Amino acid sequence: MGSLETERKTTGWAARDPSGFLSPYTYSLRYTGPEDVFIKVICCGICHTDIHQAKNDLGMSNYPMVPGHEVVGEVVEVGSDVAKFAAGEIVGVGLLVGCCRNCRPCDTDREQYCAKKIYSYNDVYTDGNPTQGGFAGSMVVDQKFVVKIPDGMAPEQAAPLLCAGITVYSPLNHFGLTASGLRGGVLGLGGVGHMGVKIAKAMGHHVTVISSSDKKKVEALEHLGADEYLVSSDAEGMQKAAESLDYIIDTVPVSHPLEPYLSLLGFDGKLILTGVINTPLQFLTPMVLLGRKEITGSFIGSMKETEEMLAFCKEKDLKSMIEVVKMDYINTAMARVEKNDVRYRFVVDVAGNKIDQ
């Protein structure tokens with residue numbers, strides 16, 4: 001199918017400076033190339049990373065910036081070489097929109113580790129134009145970085161899976177932590193953490209939620225199905241749980257000590273870091289050496305894993321706990337995410353935005 005003949009523009013909500021405040025911003029999109037999919041955005045989840053980027057917390061933000069990388073939309077048009085997608089289908093786009101395609105990670109379906117990967121926003125395409133994210137009316141994305149949303153899965157439920165869901169699924173899959181009966185911990189019960197509990201439980205794991213307070217205990221145990229709940233400041237409880245876990249998925253996006261959580265891991269246990277933190281973390285080496293424990297990290301997941309994860313969530317009927325908001329609520333929602341005042345993911349109803357119709 002050929003490109004639209006009229007100049008293609010869309011309106012998104014962009015940050016202009018490190019205040020992170022978002023406001024309407026109209027910009028041009030490229031025409032649909034042979035490998036491209038033109039998508040009308042339906043909804044987009046809000047991730048803590050969106051705040052980091054909008055506020056230049058990592059020191060590499062470029063403005064104006066339209067955040068949003070948990071994007072679900074409807075295909076409007078496809079390029080001449082696109083056979084996997086068709087107009088009218090519901091699809092998703094995550095954190096990446098490009099890679100080099102010829103390095104070791106790319107050759108082994110792990111393109112999220114490509115040194116030349118291109119992020120869905122706050123980055124630059126190979127033609128020099130800036131990438132912009134999903135808090136916008138539409139996007140044009142290379143077909144490699146588009147996934148079909150399973151039939152029957154609601155768009156607002158699918159959106160958080162494209163980051164929060166895959167961020168948990170990928171390390172469990174890669175590190176061989178999918179067997180039933182494992183004992184896992186989820187540190188931090190936010191957008192990623194709550195999906196960690198759901199996915200690990202669906203795999204048949206005994207799941208312990210670890211949090212800084214007991215305010216989410218009832219939700220963790222009764223609503224999310226966790227088996228146990230630990231408060232990190234409860235010395236007695238932490239001592240009783242020492243060396244009891246096979247792995248911990250650490251979702252905390254701010255600086256925190258590692259020693260208390262390393263002590264919970266048994267022999268060959270793994271502490272898997274998934275939160276983006278801009279300050280150094282510290283630990284004492286005996287905490288790792290004496291149990292041959294591992295501190296490792298995992299970054300989102302590949303497109304192949306994303307397809308597998310969506311199929312897994314559809315099969316197990318896993319749903320995110322979300323709060324759907326309109327686009328004009330975006331700044332309030334972002335502020336609430338910073339305060340951890342959401343259970344557990346905001347999803348923005350982009351299609352309901354009146355600016356870009």
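How close do the axes of helix H4 and helix H5 come, and at what angle do they cross? The points below take up this question and the sheet beside it.

1. The model under discussion is predicted. In it, the axes of helix H4 (residues 164-174) and H5 come within 8 Å and cross at roughly 50°. H4 is therefore oblique to H5, and the crossing of the two helices is right-handed.

2. The residues that meet at this crossing are Ala164, Gly165, Thr167, Val168, Tyr169 and Leu172 on the H4 side, and Gly191, Val192, Met195, Gly196 and Ile199 on the H5 side. Sorted by class, the H4 contact with H5 comprises seven nonpolar and four polar residues, with no charged residues.

3. The sheet is open and has six strands, paired in parallel in the order E12-E11-E10-E13-E14-E15. Its edges are formed by strand E12 (228-231) and strand E15 (294-297); each has a single partner strand, so one side of each lacks a neighbour in the sheet. From one strand to the next, the twist averages 20°.

4. Within this order, strand E10 (residues 183-187) pairs with strand E13 (residues 245-250) in the parallel sense, over four bridges. Gly184 has Tyr247 in E13 as its bridge partner.

5. Helix H5 (residues 191-202) packs on the sheet, where it touches E10, E13 and strand E11 (206-211). The direction of H5 makes about 165° with that of E11.

Note on methods:
Residues numbered from 1 in each chain as written. Predicted model: local features only at pLDDT ≥ 70, side-chain atom pairs only at ≥ 80, totals over all residues. Heavy atoms only, no water. Pairing = 2+ DSSP bridges. Axes fitted to C-alpha atoms, helices over the stretch in contact; angles between N-to-C directions. Contact = heavy atoms within 4.5 Å. Parallel < 35°, antiparallel > 145°, perpendicular 65-115°, else oblique. Left-handed = near helix turned anticlockwise from the far one by under 90°. Nonpolar A, V, L, I, M, F, W, Y, C, P; charged D, E, K, R; others polar.
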